[in-house]
Amino acid sequence: MPGRYLTVDELTSRARGLAAAHPDRAVLRRIGYSRAGEPIRLLSIGRGSRHALVVAGPHANEPVGGMTALRLARYLARPDRPGRAMDTTWHFVLCLDPDGARRNERWLKGPMTFAQHYRHFFRPGFAEQPEWLPTEPGTEPMPETRALLGLQDELRPYLQCSLHGVDVGGSFVQLTRRLPGLPERLGRSAADLRIPVELGPYDAFFWPSPGPGVYDMPRPQETDQFHSLPAATATSTWFHPHGYGTVTAVIEAPMWGVEEVGDTSAHPDPPGALEIISQALRQDALFLAGLLERVRPGLPGTVGPLLAPVEEYLAICGGLADEWAPEAALREQGGLPPLNRARIMALRIAARRLVVRTAGLLHQMLVAGDDPEGAEVTDVRASLDLFLTRRCDAFEADCRARWIPVHDQVEHQFRIVLAASELAARFREPRAVRA
């Protein structure tokens, strides 16, 4: 297993090789195209009557899933594979967002430092992430989204696993239906591989938990996210196959582990910690917004894909700073859940990540253009260089982050997908049929 992440072309090449080596039980086909014309490929293993769907690369900056998909495919293609897998045909979307994945390839081969990662990080704005359905009436899904929806309707899988890779924190799983026994399987794998388990993750901050590291996705009428965030799980492709009886598991594996995300002991000073988090986020966002306005008039049109997420991040920073301020977060009704060390660390990570992602994307805009550079651009770029260096160093030190080897990230996801498959087959509800 490689000790580094693979590019889109490397994933495709290895999938082709696997299909050629096992023509009797492996098929590689195209299920659609990206907005830029990149093929979206599906590798299928087996000839069983039931179907399991694994989606890799739904977020452009999370490359671990494609490698996990290949690891699973190689394992399931073996002639001596476990009997339970023989009833199932497994389908692996190698990369749902190949356009975005290619933009991230500059950091894939290392060195694996915060500065290297966030200087070359890319993730499109919310509306251009293919697992989300359009929220505006009459808006058509993106080609990548349509490809996934069509596949879900074709397969009606009993299990869908969406493979994600949180950059800093720990592992956790989000479920559309409960899988009794999964928290224990998650905990054993994480302990074996020395991967922290998140016990208050930012993505599931308000969600109920049937066991450590596993969270139930909310229904439309339930609290979903912080008010400042655009995401809504009920309008995602995770819930689209729900009517078929599908269980969707969103499986997160961290690149850098932080032990404190698993510490549920009392925090000594939640109001003080929240004040620091809120004020730092607000001040850094205002600083970056000021830099953007200084260079905005001279930005070339080619930076549009980078500008959209920068503007989105800056737009939500102020709202989150308000929500996380002590007077709002700690009020008796409508504030945040009880704040222990794990939850405070999750907020610290989220705030610092927003800042360095925004700064990294803004920095890329100033090195991507072909126009002659003026004194203003040179000055702003120098300010961003210093800002990024300092904030990345502080982020890594503050969290005491530890790099998780790529092969351990892959192995962990591999184990959780197989556990989810076994448990979903055991506890599966009767298949529903869409009207």
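Helices here are DSSP runs (H or I, at least four residues), numbered from the N terminus.

## The model

This is a predicted model, in which local features need pLDDT of at least 70 and side-chain atom pairs count only at pLDDT 80 or more, while totals for chains, interfaces and linings use all residues. Residues are numbered from 1 along each chain as its sequence is written, and side-chain values use heavy atoms, with hydrogens and water left out.

## Phe 395 in helix 11

Helix 11 spans residues 375-399 and holds Phe 395. This residue is buried, at 0% relative accessibility. Buried means under 20% relative accessible area, exposed over 50%, and partly exposed in between (1.4 Å probe, protein chains only).

What does Phe 395 touch, leaving aside neighbours within four places in sequence? Its contacts are Phe 114, Tyr 118, Val 168, Ile 349, Arg 352, Arg 353 and Val 356. Contact means heavy atoms within 4.5 Å. Ala 351 lies 44 residues from Phe 395 in sequence, and their C-alpha atoms are 9.8 Å apart.

## Pro 309 in helix 8

Helix 8 contains Pro 309. With 1% relative accessibility, Pro 309 is buried. Beyond residues up to four places away in sequence, Pro 309 touches Arg 123, Pro 124, Gly 125 and Leu 361. Gly 125 is 184 residues away from Pro 309 in sequence, yet the C-alpha to C-alpha distance is 4.4 Å.

## Helix 7 against helix 8

Helix 7 covers residues 270-295 and helix 8 covers residues 304-324. Their axes come within 9 Å and cross at roughly 150 degrees. Axes are lines fitted to C-alpha atoms, for helices over the stretch in contact, and angles run from 0 to 180 degrees between N-to-C directions. The two helices are therefore roughly antiparallel. Angles over 145 degrees count that way, under 35 as roughly parallel, 65 to 115 as roughly perpendicular, and the rest as oblique.

Among the contact residues are Leu 274, Ile 277 and Arg 282 of helix 7, and Leu 307, Glu 311 and Trp 324 of helix 8. The contact residues divide into 14 nonpolar, 2 polar and 3 charged. Ala, Val, Leu, Ile, Met, Phe, Trp, Tyr, Cys and Pro count as nonpolar, Asp, Glu, Lys and Arg as charged, and the others, Gly among them, as polar.

## Cysteines

How many disulfides does a search of the whole structure find? It finds 0. A disulfide is a pair of cysteine sulfur atoms within 2.5 Å. For Cys 95, the nearest cysteine sulfur belongs to Cys 161, 17 Å away. Cys 95 is buried, with a relative accessible area of 11%. For Cys 399, the nearest is that of Cys 392, 11 Å away. Cys 399 is buried too, at 3% relative accessibility.
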